[in-house]
Amino acid sequence: MNDPYDVIIIGAGVVGCMVARALSRYQLRILLFEKEADIGMGASSANTAIVHAGYDPLPGTLKARMNVAANPMWDNLSGELNFPFERRGDYVVAIGPFELLKLDRLLDQGRRNGVPGMHLITGEEMRHREPNINPAVSGALWAPTGGLCDPFMVTVATAENAVQNGVQVLTSTAFMDFILDDHARIIGVKTTRGDFPCRWAVNAAGLYSDDVMHRAGVRPEFSITPRRGEYMVLDKAEITINNVLFPVPSEVSKGILVTASLHGNPLCGPTANDIPDKDDRATTSEGLEEIRQGALKMIPSLNLRHLIAMFSGLRANGNAPCETPGVEYNHDFIIEIPASPRGLVNLGGIESPGLTASPAIAQRVVELLKDAGEPLREKPGWDPIRPPRPRFCHLSREEQALLIARDPRYARVICRCELVTEGEIVAEINAPIPARTYDAIKRRTWLGTGRCLGGFDMPRVVEILAREQGISPLEVTKKGEGSGFLVRKTKLVEG
Amino acid sequence: MARKSKYDVVVIGSGPGGLAAAISAKKNGAEDVLIIERDLELGGILQQCIHNGFGLEVLKKDLPGPAYAQLYINEALALGVETLLDTMVLDVSPRRRIYATNKRDGVLDLEAHAIVLAMGCRERTRAQVRLPGTRPAGVYTAGTAQRWVNVEGYMPGKRFVILGSGDIGMIMARRLTFEGAKVERVLEVMPFLTGLMRNYVQCLMDYDIPLQLRHTVKRILGKDRVEAVESVQVDEHWNPIAGTEEIIPCDTLLLSVGLIPENELSRKAGVSLDPITGGPFVNNEFQTSVPGIFSAGNVVHVYDLVDWVTEAGLLAGKSAAAFAQRERESEIRHLPLLPGENVRYVIPHRVDKESLATGDVRLQMRVKQPIEAPVWVEVRSGEKLITRKGEPYVRPGEMVTLVLPSKVYDEVRQARELSLAVVGR
């Protein structure tokens, strides 16, 4: 039997990682585990990368409160954790006369939620700010506190900082059940890697948070219906989109927006389709057609021939009613310590704006634990700073030369399009949360996301992953068990 | 290792186009020629093309890719072409400066009188043919699979479907069959073969690999690794025909859906690109829109035979050598004026020697330190005094003007540089 943990966090998406980091501040023994081969492989890796201002959620909901509370935290967070973040602001763009009416409602909603600085601008002003916009634009809602982040590095940097401060992380470890004592108190967690005793367990299982809470007998009526969102990424050389452009929202989603990733690629999407399978992250021709139409409505000159990637993510769309009296809403976040069993921190239905809200959710978990009588004593020497690793393409030539002089592996370019060097890849493999798969390296370095889509770098990265981990290239995978690149040696080599 | 910081001709890429350009530049009078190659050896993609069929038109020989490449590698090295291997060019400026890195030299900052862009092409990807479905391991371009099999000695799958009847795809169908893999079929969305007929006969027909025209992949299935693809027939407008779908179990989908000239560096150099070919606009010397920057081979447009790439390279190399020679002559003709003792700067920086044949050239300069006594302002070529002028004093705040008289033309013609100095009288 292992030594008991004070807190075990189930699921290392952005929410689990934020909770781990927030709790690493206190004198607690913490385990964060994840069923996939890498952290942040679920919704945290496939979303719009937006830090929402907070005008979208219905006033009075937990979504609205968490969103608006979290938004101002991001500047400090990105400073401490050294992940890419830019507060560019965002627009909700009305096309034609009828959509204009909806902007007033959104502005009012945003003001009631406490979103600062919002105002309406004219169609003419919008055309001036985004020259590629549909000329039929009739007006827009401007929210200056909206931001863009690199969601992969948000998750990685947060988890790394937790590790720096003593949190243990296990990947490829799946939740099986809770272990309860005779007094309905959680005393441990059963996983595919054995049983881990603990005093507190945090359900941060994202898409699977319903299954996990049901294991504890909590909220049997709660269920998650995966809502799939498909996206298109376009070549950055073809058009420059600097703004985050939302259409006016529908009942089910915020609609097809056109934005840019912080790496400069135009990003269009997402669709919103409820699907039965929590594993089904396929893209569809229907979805791509919907994105195409939505994107062209916003930017008619967008040339979708310059597509460089398609992907989809699943939103953890739950059915929890809002607990504020008088607010009719059935898709709210769950952030609670249930009365029974004791020892559970239950997070559920954390869909959009979950990424934005994650630091506030983590803060709320700390408060709930305090309220439950947990003596949270600050850890002396807690370090909030995650040191950055060098990104060759962001350095000046002088800095590039200095870096190469220190480590010549930074002179060997592995990904031509995105300019990623062997030195950066090796650094990610040896980082506090090691990148062990091709996709793990891709998410951290942006390698293989350019025009050749990894055609050039793939054999080279497989070779580096094998060499650095002391394994055969046959054992290197794209994203964990069962996703190997190669099946055997050729006859000549075998002979 | 680059031995110099300035070359007559620098060739970027050492595939058939680059090798031919380097050889031709050298043979046509370029003084020093450097090839920069990103891979560990010269030859480019030819090194992974171990099948035959190279050289039929130009050499009248039927060679495998590496043997074809080796002929040109040997010739280039025998001519004294320098090479930088495992080196990535990061930037090329319109003024023909090249910024590159490698593990041995670190950062390289080179100048060239002429540049030949010979980066070849890259393969179109899954996204460019808008192939929906899951994103498992086992979806590769045919060229990536070819590298694994022929260079690194690994099989990327057991059961293959190939999308596209391009040459690399058909050649890989045969190669994989040799290695004991099963190639289920080749799908082609067009109503005709897109590669060479000889490859269809020798690579597909001879091995009973079915080709389905007017068929494409509708979606990819499989979570971690490809488990199957769904194929579908298309009508004359490339729309899928409902009811013709078929699930083909396989563990790998190879894409042979076309090639695109690789022009990231050309863009950085300010070269204008033709939206139809994807390559630079070129003249009959293969010069791009930027003077002194030439291009050769698949970087211009995608060829179907290597022989024509070699021919293009030979022409581009010759043109680059001629341009470099004109640049060299112009450099010899333009004499640098260097600031010497107590001179901060001189304008102009260079003097066209021939302009002295028709008239005087006026020089203006500022001194570093004041001298409150009579001085000589001297122009020398090495030790030899060309002309001088007396001044009662010099001060940094007061510009000094001096005339280089037409009569020194004969002396100046022999000079390699001139220096100006202000010395006590």
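Predicted model: local features only at pLDDT ≥ 70, side-chain atom pairs only at ≥ 80, totals over all residues.
**View 1. Domains of chain B and the contact between domain 1 and domain 2.** The domain assignment divides chain B into domain 1, which is made up of residues 6-122 + 260-331, domain 2, which covers 125-257, and domain 3, which covers 340-424. Between domain 1 of chain B and domain 2 of chain B, the C-alpha centres are 31 Å apart. Six residues from domain 1 of chain B and seven residues from domain 2 of chain B make up the contact. On the side of domain 1 of chain B that touches domain 2 of chain B, two residues are nonpolar, three are polar and one is charged.

**View 2. Packing of helices H1(B) and H2(B).** Helix H1 of chain B (residues 16-27) packs against helix H2 of chain B (residues 65-78) at an angle of about 30 degrees, and their axes are 9 Å apart. Because angles under 35 degrees count as roughly parallel, H1(B) and H2(B) are described as roughly parallel to each other. The crossing in which H1(B) passes H2(B) is left-handed. From H1(B), the residues Pro16(B), Leu19(B), Ala20(B), Ala22(B) and Ile23(B) meet Ala69(B), Tyr72(B), Ile73(B), Glu75(B) and Ala76(B) of H2(B). By class, the residues of this contact comprise nine nonpolar, no polar and one charged.

**View 3. The open sheet E13-E14-E15 of chain B.** Three strands of chain B form an open sheet in the order E13-E14-E15, and their pairing is antiparallel. Strand E13 (215-221) and strand E15 (246-249) of chain B are the edge strands, each of which pairs on one side only. From one strand to the next, the twist averages 30 degrees. Strand E14 of chain B (residues 228-233) runs antiparallel to E13(B) and is joined to E13(B) by six bridges. Thr216(B) has Val232(B) of E14(B) as its bridge partner.

**View 4. The side of chain B that touches chain A.** In the contact between the chains, 42 residues of chain B meet 47 residues of chain A. Among the elements of chain B that each supply at least two residues to this side are strand E4 (88-92), strand E6 (106-117) and helix H6 (264-268), while the largest share, six residues, comes from H3(B). The residues on this side of chain B comprise twelve nonpolar, 13 polar and 17 charged.

**View 5. Strand pairing between chain A and chain B.** Strand E23 of chain A (residues 488-489) and E9(B) run antiparallel and are joined by two bridges. Within this pairing, Arg488(A) stands opposite Met155(B) of E9(B).

Key: Residues numbered from 1 in each chain as written. Chains lettered and ligands numbered in written order. Pairing = 2+ DSSP bridges. Helix = DSSP H or I, 4+ residues; strand = E, 2+ residues; numbered from the N terminus. Axes fitted to C-alpha atoms, helices over the stretch in contact; angles between N-to-C directions. Contact = placed C-beta atoms within 7 Å. Nonpolar A, V, L, I, M, F, W, Y, C, P; charged D, E, K, R; others polar. Domains from an automatic or database assignment. Parallel < 35°, antiparallel > 145°, perpendicular 65-115°, else oblique. Left-handed = near helix turned anticlockwise from the far one by under 90°.
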